[in-house]
Amino acid sequence: MKLTAESISRIFFRNGKNTNFFSAVEETDFSLEPGKLTEIVGRSGSGKTTLSNMLAGLLAPTSGRVLLDGRDIYALSDPERSKLRNEHIGVVPQGQTGLQSLTVLENVLMPAAMYGSAASKEKRAHELLSEMEIDDLCDVYSNELSGGELRRMAIARALINDPKVIIADEPTSDLDDDTTQKVLKLFRRLADDGAAVLIVTHEREALRYADLVYKMDKGVLSLQKNI
């Protein structure tokens, strides 16, 4: 499954003494290919998260289109786009996320429960939590987790529906070196198995796992490495 962005940009309008706007992402073309691991690097505030959110179907572009196998995801209604994202796109958001009223296992199963049966995915959830080395915490509530444990839970949650497109924003933040390596190897394996994978990262170690590396600078995206 291929994700393609055609001439997308994002402008945020500001209301102040003089109304103005801020261009977070300059007009760009971009694609995520099946079987490829793509990375975007750049300083904080360069537009990486804004771009990844547009690609993930979470933030409508000011201009341009985002196509999933040729289907314009922003031409869909909100419920249609939510269902499409749930079925095909796994998102690891920036920061520490988790519903505090749910256990780790319930958090991971939440995407499966939205449009299907969580019970049918419970075995897969335990497999992912074991790979993230937190299956022993499956009955713990998310507000009791450390930052690194929350990141690992978010990765497992993003993968529960076995998505064909994976967009991970700083997935190794808050992780120690050994766990970082395991997560990067996991994403590399998923790409090798046919998924289209995007990692937004500051992690220099991640570069050696990538097929394509782009740099984001002041909203401008440029190709840095093509293997």
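The protein has 6 helices and 10 strands, where helices (H or I, at least four residues) and strands (E, at least two) are DSSP runs numbered from the N terminus. This is a predicted model, in which local features need pLDDT of at least 70 and side-chain atom pairs count only at pLDDT 80 or more, whereas totals for chains, interfaces and linings use all residues. Residues are numbered from 1 along each chain as its sequence is written, and side-chain values use heavy atoms, with hydrogens and water left out.

## Overall dimensions and surface

With 227 residues, a compact globule would have a radius of gyration near 17 Å, and the value of 17 Å for the protein agrees with this; the radius is taken over C-alpha atoms, and the globule rule is 2.2 Å times the number of residues to the power 0.38. Along its principal axes, the C-alpha trace spans about 50 × 40 × 40 Å. Of the 227 residues, 48% count as buried, a class defined by under 20% relative accessible area, with exposed meaning over 50% and partly exposed in between (1.4 Å probe, protein chains only).

The accessible surface comes to about 11,000 Å², of which 46% belongs to carbon and sulfur atoms; such areas come from the Shrake-Rupley method with a 1.4 Å probe, and for residues only the protein chains shown count as cover. Among contacts between residues at least 6 apart in sequence, 68% join residues at least 24 apart, a contact being heavy atoms within 4.5 Å. The mean positions of the 28 positive and 34 negative charges are 5 Å apart. Here Lys and Arg count as positive and Asp and Glu as negative, while His and the chain ends are not counted, and the place of a charge is taken as NZ of Lys, CZ of Arg, CG of Asp or CD of Glu.

The buried residues of H1 are Lys48, Thr50, Leu51, Ser52, Met54 and Leu55, and H1 is followed by glycine 57, whose phi is positive, near 85°.

Helix H2 (residues 78-88) has Arg81, Ser82, Leu84, Arg85 and Asn86 as buried residues. The buried residues of H2 pack against strand S4 (63-68), strand S5 (71-72), strand S6 (89-92) and helix H3 (104-115).

## Aromatic pairs

The structure holds 2 aromatic pairs. Rings of Phe, Tyr and Trp (its six-membered ring) pair if their centres lie within 6.5 Å, and planes under 30 degrees apart count as stacked, over 60 as edge-to-face and the rest as tilted.

| Pair | Distance between centres | Angle between planes | Class |
|---|---|---|---|
| phenylalanine 13 and phenylalanine 21 | 6.3 Å | 55° | tilted |
| phenylalanine 30 and tyrosine 214 | 5.0 Å | 65° | edge-to-face |

Leucine 159 lies in helix H5 (residues 147-159) and is buried, with a relative accessible area of 4%. Leaving aside its neighbours within four places in sequence, leucine 159 is in contact with Arg124, Leu128, Ile166, Leu186 and Leu190. The C-alpha atoms of leucine 159 and valine 108, which are 51 residues apart along the chain, are separated by 8.7 Å.

Isoleucine 160 has its place in the loop between H5 and strand S7 (165-169) and is buried, with a relative accessible area of 0%. Again leaving aside neighbours within four places in sequence, isoleucine 160 is in contact with Val108, Leu109, Pro111, Ala112, Lys121, Arg124, Ala125 and Leu128.

Most residues other than glycine have a negative phi. Glutamate 133, although not a glycine, has a positive phi of about 60°; glutamate 133 lies in the loop between helix H4 (122-131) and H5 and, at 43% relative accessibility, counts as partly exposed. Aspartate 162, likewise not a glycine, has a positive phi of about 50°. The position of aspartate 162 is in the loop between H5 and S7, and at 38% relative accessibility aspartate 162 counts as partly exposed.
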